[in-house]
Amino acid sequence: MKPATGECLKHWPVWRTLTIGEVSKDNLANRLKDGDFLVSDRARDVMSGREFTTLSEPMGISLVRLKVRDLGFMKETTTTDELFRRAEEYSLDLCPAEVGPHLRLTLTDQPRNDGFSVVMEPIADSDGNPHIFYIWRDRDGWRWLSASGANRFDLWNLVGELVFCLRK
């Protein structure tokens, strides 16, 4: 049974707080490069597109991390459209796109073999395919910023990990 809209803020504990903004997208890309992070070609493509923007002023946000199944899905998979609708019903907001790179830069304690999607409005790569950021640390300890396909009908496994913004 899913909670009613408006009751959900108490349901989701804050996983991380993050300050975004005040950093240009070029500066974000340089910080990732200088910090010895690995950035996939697809993530680099998304960040270089005109749809990827950053805020000029700083803004603090609260993030929640959960599994797809925590949104009340019972099937083995769900589509991106269903995922976005359910997040809205559960009073969760999509993240601004710059959350992905900022989070990659600040998530210094991410365990090995850990990864999650930053749920945001998908941004098209140079081929026109929509993507969202995926942050992971591989078994060798390399810290990645990647991008995952997120068209309307892409399927999400119930154990997949997601990050949303908490609604204020």
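## Exercises on a predicted model

K75 sits in the loop that joins β3 (59-67) to β4 (77-79). The structure is a predicted model, and the exercises below start from this residue.

**Exercise 1. Classify K75 as buried, partly exposed or exposed, and find which residues distant in sequence it touches.**

Step 1. The relative accessibility of K75 is 44%. Buried requires a value under 20% and exposed a value over 50%, so K75 counts as partly exposed.

Step 2. Leaving out residues up to four places away in sequence, K75 has contacts with E82 and L158.

Step 3. L158 lies 83 residues from K75 along the chain, and the two C-alpha atoms are separated by 7.7 Å.

**Exercise 2. Describe the fold of the chain by its elements, extent and contacts.**

Step 1. The chain contains 4 helices and 10 strands. Read from the N terminus, their order is β-α-β-α-β-β-α-β-α-β-β-β-β-β.

Step 2. A compact globule of 168 residues would have a radius of gyration near 15 Å; the chain has 15 Å, so the two agree. Along the principal axes, the C-alpha atoms fill a box of roughly 45 × 35 × 30 Å.

Step 3. Buried residues make up 43% of the 168 in the chain.

Step 4. Take the contacts between residues at least 6 apart in sequence: 75% of them join residues at least 24 apart.

**Exercise 3. Give the volume of the largest pocket and work out which elements line it.**

Step 1. The volume is about 220 Å³.

Step 2. The lining consists of K25, D26, A29, L32, K33, F37, L38, V39, R44, M47 and S48.

Step 3. Elements that contribute two or more residues to this lining are α1 (25-34), β2 (38-39) and α2 (41-48). The greatest share comes from α1, with 5 residues.

Step 4. By residue class, the lining divides into 6 nonpolar, 1 polar and 4 charged.

**Exercise 4. Compare the buried residues listed for helices α3 and α4.**

Step 1. In α3 (residues 80-89), the buried residues are T80, D81, L83, F84, R86 and A87.

Step 2. An α-helix has 3.6 residues a turn, so residues three or four places apart point the same way.

Step 3. The buried residues of α3 pack against β4, β5 (92-93), β6 (114-124), β9 (155-157) and β10 (161-166).

Step 4. Helix α4 (residues 99-106) is mostly covered, with 6 of its 8 residues buried. These are V99, G100, P101, H102, L103 and R104.

**Exercise 5. Locate I20 and list its contacts.**

Step 1. I20 belongs to strand β1. Its relative accessible area is 0%, so I20 is buried.

Step 2. Beyond four places in sequence, I20 touches L55, E57, P58, M59, I61, P96, E98, V99 and H102.

Step 3. From I20 to G100 the C-alpha distance is 9.9 Å, at a separation of 80 residues in sequence.

**Exercise 6. Find where E22, S91 and N113 lie, and state the phi of each.**

Step 1. Most residues other than glycine have a negative phi.

Step 2. E22 has a positive phi near 65°. This residue is in the loop between β1 (16-20) and α1, and E22 counts as exposed at 57% relative accessibility.

Step 3. S91, which follows α3, has a positive phi near 60°.

Step 4. N113 is not a glycine, yet its phi is positive at about 60°. N113 lies in the loop between α4 and β6; its relative accessible area is 62%, so N113 is exposed.

Definitions and conventions: Residues numbered from 1 in each chain as written. Predicted model: local features only at pLDDT ≥ 70, side-chain atom pairs only at ≥ 80, totals over all residues. Heavy atoms only, no water. 1 Å grid on protein atoms, 1.4 Å probe; cavity = no way out; pocket = protein on both sides within 12 Å on 5 of 7 lines; lining within 4 Å. Points joined across faces, edges and corners; volume = space filled by probe spheres on them. Nonpolar A, V, L, I, M, F, W, Y, C, P; charged D, E, K, R; others polar. Rg over C-alpha atoms; globule rule 2.2 N^0.38 Å. Buried < 20%, exposed > 50% of the residue type's maximum accessible area, 1.4 Å probe, protein only. Contact = heavy atoms within 4.5 Å.
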